[in-house]
Amino acid sequence: MGIFLLIFLGIISILYGATSIDVATIIQSLLHFDDENSQHVIIRELRIPRAIAAVAVGAALAVSGAIMQGMTKNPLASPSIMGVTAGSSFVLALAMAILPSLPYQSLIFFSFIGAGVGAFLVFGMVALAKGGITPIRLVLAGSAITSLLTSLSTIISIRFDIAKDISFFYAGGVSSIQKHHLSIAIPAIVIGLVFAILLSRSITVLSLGEDIAKGLGQNTRRIQLFGTITVLILTGAAVSIAGMIGFVGLVIPHITRFFVGLDYRYIIPCSAILGGLLLLGADIVGRMVNPPFETPVGAITALVGVPFFLYLARKEGRTMN
């Protein structure tokens with residue numbers, strides 16, 4: 001059902017916009033492309049890449065959140081809350097300020113590095129605290145590091161006069177995606193998704209607890225290492241083309257577990273599909289809110305994610321009490 005819904009929303013995404021396009025024109029542009037036909041160019045160069053990017057970014061963020069929640073046993077874990085997306089945006093801002101003529105291929109590399117920096121700062125801060133790593137400490141440290149890195153990014157953007165360029169990463173969206181943006185990001189996301197599926201059984205065991213996983217013969221350190229690398233690949237690629245889109249990695253894994261249970265062999269692929277559906281739907285809604293202007297996708301996902309985050313935080317607070 002999810003795959004059929006993806007196809008349906010993908011068609012809606014291509015049809016809907018400032019320029020009216022019908023299904024027959026879409027089919028004609030795919031089978032008999034005419035570079036002098038403006039509608040064909042819009043479909044091939046803008047709308048199809050935009051729909052593909054929305055699905056890929058949604059899948060990447062959702063699967064990243066599922067892996068983080070499974071490895072840390074923290075229901076509030078997600079790339080946006082744990083400092084990973086903020087780290088990517090910070091290093092991207094730094095790279096754009098120091099090396100303004102960098103090609104896109106280099107920017108995506110810096111996005112990967114930034115994701116690692118954000119994760120390292122959060123986990124490093126918690127690991128140094130007395131009592132070790134706990135879910136509530138991870139959330140608090142993630143919120144603090146996210147605020148710090150976002151503030152530093154703002155300072156850099158003002159100091160080096162790149163506020164207009166970096167504002168894209170703050171707002172989050174896929175409206176300016178073109179084909180050349182997908183040439184590197186999509187292969188990286190596909191590789192990350194394959195790694196996630198290969199790790200899914202081990203993450204299921206690890207989600208039961210580190211002691212139980214060790215008792216069942218799992219090398220927990222290796223699983224955590226490969227899981228972290230997978231999260232960095234997926235989040236780094238997603239942020240490099242879509243900016244800071246929050247709450248997809250928080251909300252989707254919980255919805256997926258409601259439908260398919262606690263086995264990550266099902267959670268990870270289903271999270272990818274539902275994450276793609278959420279972001280593709282959010283992109284379509286963003287175009288309908290105030291046409292012909294577009295509302296950033298990050299704002300739409302926040303409207304869904306913030307109440308869900310507050311609900312989870314309250315639920316976990318009751319559990320801890």
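Analyst: A crossing is called left-handed if the near helix is turned anticlockwise from the far one by less than a right angle, and right-handed if clockwise. The model shown here is a predicted one. In this model, helix H1 (residues 2–15) passes helix H12 (residues 264–289) in a left-handed crossing.

User: Which values describe such a pair, and what are they for H1 and H12?

Analyst: Two packed helices are described by the angle between their axes and the distance between the axes. The axes of H1 and H12 cross at roughly 25 degrees and come within 10 Å. H1 is therefore roughly parallel to H12. On the H1 side the contact includes Leu5, Leu6 and Leu9, and on the H12 side it includes Leu277, Leu280 and Arg287. Sorted by class, the residues of this contact are nine nonpolar, five polar and two charged.

User: At what angle do helices H5 and H10 pack?

Analyst: Helix H5 (residues 104–128) packs on helix H10 (residues 220–242) at about 130 degrees, and their axes lie 8 Å apart. This angle makes H5 oblique to H10. The crossing of H5 and H10 is right-handed. Among the residues that meet are Tyr104, Ile108 and Phe112 from H5, and Leu232, Ile233 and Val239 from H10. The contact of H5 with H10 holds ten nonpolar residues, four polar residues and no charged ones.

User: What is to be noted about the phi of Lys73 and of Phe247?

Analyst: Most residues other than glycine have a negative phi. Lys73, however, has a positive phi, near 55 degrees. Lys73 belongs to the loop between H3 and helix H4 (84–98). Phe247 also has a positive phi, of about 75 degrees, although it is not a glycine. Phe247 is in the loop between H10 and helix H11 (248–260).

User: Is Phe247 buried or exposed, and what is the relative accessible area of Lys73?

Analyst: Phe247 is buried, at a relative accessible area of 18%, since buried means under 20%. Lys73 has a relative accessible area of 47% and is partly exposed.

How values were computed: Residues numbered from 1 in each chain as written. Predicted model: local features only at pLDDT ≥ 70, side-chain atom pairs only at ≥ 80, totals over all residues. Heavy atoms only, no water. Axes fitted to C-alpha atoms, helices over the stretch in contact; angles between N-to-C directions. Helix = DSSP H or I, 4+ residues; strand = E, 2+ residues; numbered from the N terminus. Parallel < 35°, antiparallel > 145°, perpendicular 65-115°, else oblique. Contact = heavy atoms within 4.5 Å. Nonpolar A, V, L, I, M, F, W, Y, C, P; charged D, E, K, R; others polar. Buried < 20%, exposed > 50% of the residue type's maximum accessible area, 1.4 Å probe, protein only.
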